[in-house]
Amino acid sequence: MYFGKEILKYKDEILKDLDTLLKIESVSGELDAKCREALNFILKRAEDFGLVTKNVKDKAGHAQLGHGGKLCGVLTHLDVVPAGNNWTVVPFELTQKDGRLYGRGVADDKGAALINLYCLRVLKESGVQGKNALRAIFGTDEEKGMKDMDIYFKEEPVPDYSFTPDSEYGICIGEKGILQLKLYADGHDGKALTEFHSGKAVNAVPDTAYALLETNEYDDHQLMRLADASGGNFEFIYTIDGLMILCRGKSAHACEPEKGKNAAAQLVKLLAEHFCHSDLGSICTFIDYAINNETDGRSLGIKMCDSVSGELTVNVGMVKIIDGKAELTLDVRYPVTVNGDGILYRISKSAELENLKVKVLSHLRPLYLEKDSKIINLLSQAYKTVTGEDASLYTTGGGTYARKLGGNGVAFGPVFPGDEINMHNADESIDMKNYFKHAEICLEAMYKMYTENL
């Protein structure tokens with residue numbers, strides 16, 4: 001029997017702690033106090049297990065087992081994106097249904113974070129003698145640009161070997177560049193459009209959007225006609241401030257925007273089919289001609305792909321037009337062989353046509369590791385020991401803490417191919433058998449990191 005099976009003895013305790021952790025609404029950028037609460041909870045549990053802990057400025061922290069040898073780390077994040085709409089279960093608690101675990105963060109990434117902690121507990125309580133120092137490192141700002149790891153690694157060394165269970169199986173050897181931008185105008189210049197709102201996170205496809213307009217009877221009739229013909233989900237509401245049009249789409253992670261239905265883009269398309277650009281203002285005009293419903297950057301002039309990591313993607317995340325304020329956010333994921341500076345230049349030039357200014361919110365450069373590196377070999381062995389299969393090597397459009405590891409780490413699990421987890425969408429969930437299979441793989445990998453001569 002391989003060592004990874006030892007974690008299955010702790011199933012009930014893991015699920016109990018997971019429920020507690022999911023109930024902490026640690027939405028990064030919105031509920032920072034809750035992010036601190038989640039960090040303090042997991043560090044307190046580590047202390048309960050007799051592990052050495054450290055809190056780094058309430059932004060990140062670690063639990064450690066052993067000392068000497070190489071420093072090995074497993075990184076996860078405790079922050080989550082907002083719940084969003086259309087859940088069939090309570091978002092911020094654990095629900096077990098039809099063999100699945102539901103709750104915001106259960107797959108991204110609180111479920112994996114708790115497994116990391118319990119792997120350290122199993123190693124300690126089993127009396128395993130280690131040759132290296134092993135850390136479970138926890139952050140609270142992964143969803144908003146990973147500044148937590150910048151803060152953490154100013155005080156603590158980067159591990160010599162590491163992985164982050166914040167993606168899929170097999171082993172992610174490359175991550176696309178991620179360029180997150182805010183485009184904004186000095187003021188809103190639309191004549192008919194008075195308000196527009198969509199999205200709560202730059203890295204998620206917005207599932208709802210609404211616009212408030214000053215219209216006449218002819219406008220209303222034409223818009224309703226166009227809405228019926230569009231096949232979209234639109235609702236018309238008359239308010240004291242004018243006509244409100246609500247659009248419902250489908251959320252998805254910004255690394256796979258084609259899997260969603262962008263409510264903001266759909267609503268802008270509807271409005272642009274009737275109103276001229278001067279009626280809508282510069283922000284909606286830009287979305288209409290430069291993006292529309294595209295997710296590949298064609299109209300922006302940045303459509304591209306490579307054989308290693310695939311196509312570039314673009315997502316309109318948040319749009320806010322109100323009280324003279326007009327802005328939108330873009331999330332661009334570009335191939336690992338491309339320099340992102342050229343992409344930024346082209347987007348800026350397109351934005352200039354509407355007198356929009358561009359601010360870089362975050363720019364994470366691509367990551368790519370050689371296939372025969374020591375950490376990849378170690379993880380491959382752990383995966384095969386538990387599953388009996390060879391781990392595939394792949395690249396992703398997602399962004400993980402692996403980018404902060406200086407080439408010393410990769411993303412590895414926790415999601416198995418074919419498991420629709422609805423990441424960043426309603427009803428986020430993970431198959432329970434897969435979750436505990438991940439726990440076995442993770443423990444096997446951490447056992448190897450802790451005990452082998454690296």
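Buried residues are those with under 20% relative accessible area. The views below show a predicted model.

**View 1. Helix α8 within the predicted model, residues 282–291.** Of the 10 residues of α8, 9 are buried, so the helix is largely enclosed by the rest of the structure. The buried positions are Ser282, Ile283, Cys284, Thr285, Phe286, Ile287, Asp288, Ala290 and Ile291. After α8 comes Asn292, which has a positive phi near 55 degrees.

View 2. Asp108 is buried, yet has no salt bridge. Its nearest side chain of opposite charge belongs to Arg104, at 7.0 Å. The side chain of Asp108 does make a polar contact, at 3.1 Å, with the side chain of His424.

**View 3. The largest pocket, with a volume of about 770 Å³.** Its lining comprises 42 residues, and those nearest the centre of the pocket are His253, Cys255, Glu256, Ile421 and Met423. Two or more lining residues come from each of the strands β8 (167–168), β10 (177–185), β18 (325–334), β19 (357–364) and β21 (393–396). Among the elements, β21 gives the most to this lining, with 3 residues. Sorted by class, the lining of the largest pocket holds 17 polar, 13 charged and 12 nonpolar residues.

**View 4. The second largest pocket, with a volume of about 630 Å³.** This pocket is lined by 36 residues, of which Gly199, Lys200, Ala201, Val202 and Met318 lie nearest its centre. The elements that supply two or more residues to the lining are β10, β11 (193–198), β12 (208–213), β17 (313–322), β18 and β19. The most is given by β17, with 4 residues. By class, the lining of the second largest pocket has 15 nonpolar, 13 polar and 8 charged residues.

Conventions. Residues numbered from 1 in each chain as written. Predicted model: local features only at pLDDT ≥ 70, side-chain atom pairs only at ≥ 80, totals over all residues. Heavy atoms only, no water. 1 Å grid on protein atoms, 1.4 Å probe; cavity = no way out; pocket = protein on both sides within 12 Å on 5 of 7 lines; lining within 4 Å. Points joined across faces, edges and corners; volume = space filled by probe spheres on them. Nonpolar A, V, L, I, M, F, W, Y, C, P; charged D, E, K, R; others polar. Buried < 20%, exposed > 50% of the residue type's maximum accessible area, 1.4 Å probe, protein only. Lys, Arg positive; Asp, Glu negative; His and termini not counted. Salt bridge = Lys/Arg side-chain N within 4 Å of Asp/Glu carboxyl O. Polar contact = N/O pair within 3.5 Å; in protein donor to acceptor, adjacent residues only side chain to side chain.
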